[in-house]
Amino acid sequence: MKLLLVIFIIHAIFGPCFSFDVPGKDLPLTLDYYKSTCPTVFDVIRKEMECIVKEDPRNAAILIRLHFHDCFVQGCDASVLLDETETLQGEKKASPNINSLKGYKIVDRIKNIIESECPGVVSCADLLTISARDATILVGGPYWDVPVGRKDSKTASYELATTNLPTPEEGLISIISKFYFQGLSVEDMVALIGAHTIGMAQCRNFRSRIYGDFQVTSALNPVSETYLASLREICPASSGEGDSNVTAIDNVTPNLFDNSIYHTLLRGEGLLNSDQEMYTSMFGIQTRRIVSKYAENPVAFFEQFSKSMVKMGNILNSESFVDGEVRKNCRFVNT
């Protein structure tokens, strides 16, 4: 464990020098997997997502986050969508998910439409991956082709959901290790946190930040002081008080997918400790450079975000390709 920590520190400071072999990363996904079995699937999901995001732009962030939380546990296999039963402990009540994830009814809504078009053909895992891409586009983000052909798992892992997912208060080295465990580089990590440009956060997840080192990282800027005061009105200092109160992670353009979140980090105003660490951590020589690059060059951010989303979407559950299925209802294993 100490050796791994040393490696992660060296990598965080000096840049990439190795990669991990991730089980399932070479399993085949194709762009035309549904060409003959459900040729309308991409159109159906896109049209429904247009309605969903129009109803509430925050739904875009909700779908992207749901996809992220799925892929970091057992790979992108829709395990996060499974409800708890007498025989299965789901992931929804794991600490990183219980107060963070929503959107399950949105997935149900899309799944019902797809099932009426192509019964028993399109997996929930593919549905979630495509929806996350369309959600990004609909709030101004980049396009990318989505390889498909995933199967839905028959299992979930409460334990992995508790340990694999980065948390808002986590330090940089720990976050890097969790991304590397999934086969994702530091560049991928910094690009993917850019999705927070359209996200919301609950008070319980940023309280320690705004009553901690926020004033230090923002260098007592008068404008930052005003912002901090508004955050403290939303989120009282006392634990348990106002825990579920929310605010935008990017307070400048909260409903637009752009590179504004990186400018926030440059100003030292990152709402989440895990985000601000990318720029102010003593170990963040490489991450600081990447944050600055994306702040200066939105095209570079969009290009890398697209590549990193495909890479994350290709984290697969090897077992699901042997024993997986296409769930009829995303909440339950087929009977």
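Colleague: Why is the disulfide of cysteine 124 and cysteine 330 called left-handed?

Modeller: The torsion about the S-S bond of cysteine 124 and cysteine 330 is about -95°, so this disulfide is left-handed. Please keep in mind that this is a predicted model, in which local features need pLDDT of at least 70 and side-chain atom pairs count only at pLDDT 80 or more, while totals for chains, interfaces and linings use all residues. Residues are numbered from 1 along each chain as its sequence is written, and side-chain values use heavy atoms, with hydrogens and water left out.

Colleague: What makes cysteine 124 and cysteine 330 a disulfide?

Modeller: A disulfide is a pair of cysteine sulfur atoms within 2.5 Å, and the sulfur atoms of cysteine 124 and cysteine 330 are 2.1 Å apart. The bond links distant parts of the chain, with cysteine 124 in helix α6 and cysteine 330 in the segment after α17 (318–323), 206 residues apart. Helices (H or I, at least four residues) and strands (E, at least two) are DSSP runs, numbered from the N terminus. Both cysteine 124 and cysteine 330 are buried, where buried means under 20% relative accessible area, exposed over 50%, and partly exposed in between (1.4 Å probe, protein chains only).

Colleague: How many disulfides does a search of the whole structure find, and which cysteines does another of them join?

Modeller: The search finds four disulfides. One of them joins cysteine 38 to cysteine 118, with an S to S distance of 2.1 Å. Cysteine 38 lies in the loop between α1 (2–14) and α2 (41–55), whereas cysteine 118 lies in the loop between α5 (104–117) and α6 (124–138), so that distant parts of the chain, 80 residues apart, are linked.

Colleague: What is the handedness of that bond, and why do cysteine 38 and cysteine 118 count as buried or exposed?

Modeller: The torsion about the S-S bond of cysteine 38 and cysteine 118 is about 75°, so the disulfide is right-handed. Cysteine 38 has 2% relative accessibility and therefore counts as buried, and cysteine 118, at 6%, also counts as buried.

Colleague: What makes the bond between cysteine 71 and cysteine 76 right-handed?

Modeller: Its S-S torsion is about 115°, so the bond between cysteine 71 and cysteine 76 is right-handed. The S to S distance in this pair is 2.0 Å, and both cysteine 71 and cysteine 76 are buried.

Colleague: How are the bonded cysteines paired in sequence order?

Modeller: When the bonded cysteines of the chain are numbered in sequence order, the pairing is 1-4, 2-3, 5-8, 6-7. Cysteine 51 is in no disulfide, and the nearest cysteine sulfur, that of cysteine 38, is 18 Å away.

Colleague: Why is cysteine 51 called partly exposed?

Modeller: Its relative accessibility is 38%, and therefore cysteine 51 counts as partly exposed.

Colleague: How do you know that the chain is as compact as a globular protein of its length?

Modeller: The chain has 17 helices and two strands. Its radius of gyration is 20 Å, close to the 20 Å that the globule rule gives for 335 residues, so the chain is as compact as a globular protein of that length. The radius is taken over C-alpha atoms, and the globule rule is 2.2 Å times the number of residues to the power 0.38. Buried residues make up 54% of the 335 residues.

Colleague: Why is methionine 278 called buried, and where is its place?

Modeller: Methionine 278 has 1% relative accessibility and therefore counts as buried, and its place is in helix α14 (residues 273–280). Leaving aside neighbours within four places in sequence, methionine 278 is in contact (heavy atoms within 4.5 Å) with residues including Leu172, Ile175, Met189 and Val291.
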